Amino acid sequence: MAGQHIPLRLLAGLAALVAAVLLFDILAPPPLERAGGTSVLITDRAGRPLRAFPTEDGRWRFHVDLDAVDPDFIDALIRVEDKRFWSHHGTDWTGLARAAFDSARSGRIVSGGSTLTMQTARMLEPRPRNAGSKLIEIWRANQLERRLSKREILELYLSLTPYGGNLEGVRAATWSYFGREADRLSTDEIALLIALPQSPEARRPDRRPEAAARARNWVAEKLARYGVFAEADIAEVASVSVPARRLDFPARAWHGAEAVRANSPPGDVRSTIDASLQAEVERIALTRALGEGPDVQVSVLVVHTPTRAVRALAGSATRDRPGGWIDLTNRPRSPGSTLKPFIYALAFDDGAAGADTRISDLPRRFAGYQPENFDRMFRGDVRVSDALQHSLNIPAVLMLDRVGADRFTAQLTMAGARPRTGSARGEAAGLAIALGGAGLTARELAILYAALGDGGIAKPLVWRAEDEIASRHGPGNRLMSEDSAAEILRILQGSPSPEGRMPGQLTQGAPQVAFKTGTSYGFRDAWAAAVSGEHVIIVWVGRADGAPRTGVTGREIALPILFELADRAAHHLRDEGDSARRLSADPRTRARGPLEAFAADRPPEILFPPNGAELWAGSVNGRPPRPFVLSGRGAGALSWYIDGEPSALDDAGAPVWRPDRPGFYLVSAVDGEGRTTRVRVRVLTDDPA
């Protein structure tokens, strides 16, 4: 009976051992998480490298796809390091026994007998090289083989292999030593890549080139003995010098690549950026910034409208100037007048106005807010199209008052462009948003102008090439109707071109540009935004610290940059989009109604003050009153008189009037032909007398 219990006890013991092993395997799995934190390579839409990012601890370690590695290198590696890799289960017991026998016979360790799987386990969990560590490697290798396929193990090995310094993995090595990927390697490169991990610091080619060359040549001879290399390859490998220094990793599209990385899941990314256009954008931005003087930065964004793909992004002109390390396309700035097209578009949607609607450009106060035009002149009744093309402030604020500032802000926010105010209490910008009273980023402006160029539909920007098709056919948020978007584009296409630039309608092959400029309060930000064929272009010029640049406007500095970029984009991106739409313009809708008021043979017309007006010349919200700017039009320059006395002129030479008492006044305008027009007005002040 006792003899019968022995097998049962043995079986029970074996079962307990197996259970313990399985439990230990579950409780102590291989530390695969230590292989995480790989470097990232951002490429352009054609796969050309833009910028590489190291791991958080400063190492270069890229994920490896076996299909993207030269198969000749894989064959040579396995033949040298682990010829039975594809058949063993983590440990090559035959090779391990041979290594032990050779080491015992030589009195020193000749080879470790470690398989590629065991070496991978050691790289995941570094330990001192001794017998105990070898047993742990054997156990860990068995765990890896049960969890990963052979391909996955090999990819993990090729991602972790040390190549000296902060280089880990074959891709990091080929980029650093050869300046390219590991997909096509020469015989000398294959031999060097196999030799270096065996003693990475002692054989670093940039520090110990002789040792690296000896090890490489020895591997080449070994591969020739195995029949992997031909005999002639030995001499060829030996005749090639090893790399004398490490090369820099790709570092183009500095801010653009960072934006792609921030808007993508972990891992390498094929971006939407076009490397050729990106280089042009960076060159133009730098050249223009240098021409503008010290501390000036230029940021640029180019977006493909149908897909919302970012084709180029320059966050700054140079990192050698203040603020250059900041991506200024992602920093809220006052957009100046660049939002005016969207105010008019909503008014068109409401039926409140059209391109030929007459709107008043006269002084107006809105509950304590009194805007004035940039040139401090007033033009009386003008068409909406003219008001937008010439960026008149008062008509834009008047139209926003009709549309509703809160509604307008909500529409922009829903489109993906959230206006920001400087108020700590989160107060709305109100009507001031029409003139740049709330901050937006260049990226948000790109979303809005892309909606303008895509029938009024707003969509987020796209950074990965694989997302372009989905974005093209995906839904969005309607910002305005298709008809209103088309009308606004026609109006903007008719805006006065920058000096020296012939209108696109008259130039064969030139991109048709529908543009708007903007200048923030205090001349801190100069903007130009445009729909140019199938692309949206946003340009910002200024100082990163927000310091003013007195007298510098968006039309003066940002618009010429935009037109240069439009030409380059049309050249580099000529493969995408409808060429007819890019290079031509639809006929503009002809104005309806007579325009006799603009005839030159009439006596002067006084635009401000209008006849019979009552003018408030008292304080507003405790602030002293501002002088009235007299405005009119006629033949030549006008001379102004108040009750027969010549009016004063401000620093800009404009006629101004500061009443010294309440009561009635006679205001006269005399043109160069001596023709006179008079209006009678009443002035009210804080003094009831």
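Reader: What makes strand S1 and S2 a pair?

Author: S1 (residues 40–43) and S2 are joined by 4 bridges in the antiparallel sense, and two strands pair if DSSP finds at least two bridges between them, so S1 and S2 count as paired. Val 40, for instance, has Phe 53 in S2 as its bridge partner. The model is predicted, so local features need pLDDT of at least 70 and side-chain atom pairs pLDDT 80 or more, while totals for chains, interfaces and linings use all residues. Residues are numbered from 1 along each chain as its sequence is written, and side-chain values use heavy atoms, without hydrogens or water.

Reader: Why do S2 and S5 stand at the edges?

Author: The open sheet of 3 strands runs in the order S2-S1-S5, with mixed pairing. S2 (49–53) and S5 (269–270) each have a single partner strand, so one side of each lacks a neighbour in the sheet.

Reader: Why is H13 called oblique to H15?

Author: The axes of H13 (residues 340–350) and H15 (residues 393–403) come within 9 Å and cross at roughly 45°. That makes H13 oblique to H15, because under 35 degrees is roughly parallel, over 145 roughly antiparallel, 65 to 115 roughly perpendicular and the rest oblique. The crossing of H13 and H15 is left-handed, meaning the near helix is turned anticlockwise from the far one by less than a right angle.

Reader: Which residues in H13 and H15 meet?

Author: Contact means heavy atoms within 4.5 Å. Among those meeting are Ile 343, Tyr 344 and Leu 346 in H13, and Pro 395, Met 399 and Leu 400 in H15. By class, the contact of H13 with H15 has 9 nonpolar, 1 polar and 2 charged residues.

Methods:
Axes are lines fitted to C-alpha atoms, for helices over the stretch in contact, and angles run from 0 to 180 degrees between N-to-C directions. Helices (H or I, at least four residues) and strands (E, at least two) are DSSP runs, numbered from the N terminus. Ala, Val, Leu, Ile, Met, Phe, Trp, Tyr, Cys and Pro count as nonpolar, Asp, Glu, Lys and Arg as charged, and the others, Gly among them, as polar.
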